[in-house]
Every structure is written in structure tokens, then in C-alpha cells.
Amino acid sequence: MTPTPAAIAELLDHPDRLIELFAVHNFRDLGGYPTADGRTTKWRTLFRSDGLYRLRGADDMSRVMQLGLKSVIDLRTEREQREQGIFPIDDIEVTFHHLSIVDVTWSDTETPEFDDEVEFLVWGYRDMLEIGSSRFADAMHVLAQTESLPAVFHCAAGKDRTGVLAALLLSSLGVEDAHICADYGLTQDAMQRTIAWSKVHRPELAERYATIPKAYLAADPRAMQIILTELAQQHGSVRNYVREIGVADATVEALGNLLLES
């Protein structure tokens, strides 16, 4: 049964959804989403986030340590890691995985010009699925291991690379498109929080946000719906797509056993 807008809104606004931190603004729990077989994604087990290299303050560190993370998957490029830094592995003991989805970011290469932000995002996500399919598969394999959880995966804004991986995971587990796209859309508010914070605390970052194309900051749920629909049309289902990129049924079953509850 298709979830109602009210039911989706209630789940999005769940008090455990957003992990409120000072310098990281899109750290979210992927718990609470129902699946087609009547189960629900577990709380405090899998998280998605923006740039965890900003995680430095004592309060932020303490809050994240309380989550009991065992694994961090960084989806950024080597250049981003080199210039920005990484998760504070010297202060919080985790297994750190670097799985760069793309070789270069949109800001570091020529990208097509689109009048419509949704068209731009769809182009970008198609490109990621083609270029980064093996890394998406690797991330799913990592998360299918008992010793990996609780875990968080992230990129720079927690929007694009992170959003596509979240969509592949949730759809493979049987979560409805409506919930997946709505969860993706929460990044719109996170981007506004990040921009507001950067104007006060990181003016160089605020200047960058002010000069990059507006489409780079967009998180329109319609774009993710187009991607999910295309995958289903081209491969029969998103689960079939993840099979084709090397994620066996046994791995998806393991993910379900670890990430879902009755």
C-alpha cells in the first residue's frame, strides 16, 4: 500500500531522525522506514551523513561516540580527503573504508549545462551509477557484515553519492520509493543549515557555496524518483540492478537480517 503523505511526514520528523551536531548538518538515522514485507529498518544501526571531516568539537565527538559506530564509509575522492580531511579515526575507534564513487567531483570537471535542476541531478546520478557501480556494491558488502554495524556512510554534503547509496540500500530492502525519495529530500533543509552555519563559522566555505551553480546544491525528490523508476524499468527492479553489479542475493538477505526488524 502506498504510504500517505501524512505517514511519510511523521516518519521524516521522527525525533530520532536527525543527529543534531554543531559542525555536521546532515547526519541522519535511516531507521523507521517500513518495507513491503511488513518489516521496518532498525534505528541506531545505519546512518547517512555529510562531511564528517568537520567533526571536531567535544560535544559533537561525544554525541557521535554515543552511537557506538563500528564502521565509517567515506564515499569522497582522494582529493577531497587530502584537502578537507577525514573522520577523526584517532579519536573515535572505527573501521574506516574509503570507497570513492567518482574520480572527480562536479566542481573539478566540466559538466553539462541544464536549465532544470532535476535534469542535472538525473544526469549526475546516472553517471554515478555507471562509473561507481562497483564501489556501491563494495559498500553494500561492507554493510552486510555483522561486525560493521552500527555504521555511517557519507560524502561531502551527504546528498548525491550518499543519496544514491541510501536509495540502493533501502530499495533493495523493500522500502517504498515514496519513503526513499522523501528521505533524500531532507537534505534540502540540511543544505540550508550548512550554508547558514558556514556564513558564521566557515566564510571560505560560504563563499564557495555562493559561487557554485545552484543545481549542485539541489536535492529535489523528483530526481531520485526518476532514477529509481529508470532502474526498475531497465533492470526489472532495483534489487535486480544490485544483483547485476555484483551484490548477491545472500548479501541482500544478510543486509535484511541486520538492518530490518519485524
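Biologist: Which residues are exposed on the other side of H9?

Modeller: This is a predicted model, in which local features need pLDDT of at least 70 and side-chain atom pairs count only at pLDDT 80 or more, while totals for chains, interfaces and linings use all residues. Residues are numbered from 1 along each chain as its sequence is written, and side-chain values use heavy atoms, with hydrogens and water left out.

The exposed residues on that side of H9 are Pro203, Glu207, Ala210 and Thr211 (exposed means over 50% relative accessible area, buried under 20% and partly exposed in between, with a 1.4 Å probe and protein chains only). Helix H9 spans residues 203–211, and its Leu205, Ala206 and Tyr209 are buried (helices are DSSP runs of H or I with at least four residues, strands are runs of E with at least two, and both are numbered from the N terminus). Because these three cover an arc of only 100 degrees around the axis, they lie on the same side of H9 (the arc is that of the directions from the helix axis to the C-beta atoms).

Among the elements that cover the buried residues of H9 is H8, and H8 (residues 187–201) in turn packs with H7 (residues 177–185) at an angle of about 10 degrees, their axes 5 Å apart (axes are lines fitted to C-alpha atoms, for helices over the stretch in contact, and angles run from 0 to 180 degrees between N-to-C directions). Asp183, Tyr184 and Gly185 of H7 meet Thr187, Gln188 and Asp189 of H8, contact being heavy atoms within 4.5 Å.

Leaving aside neighbours within four places in sequence, phenylalanine 136 touches Ile101, Met128, Leu129, Arg161, Val164, Leu165, Leu168 and Ile245.

Isoleucine 92, in the loop between helix H3 (78–84) and strand S5 (95–98), is buried at a relative accessible area of 6%, and beyond its neighbours within four places in sequence it contacts Leu55, Met61, Val64, Met65 and Phe87.
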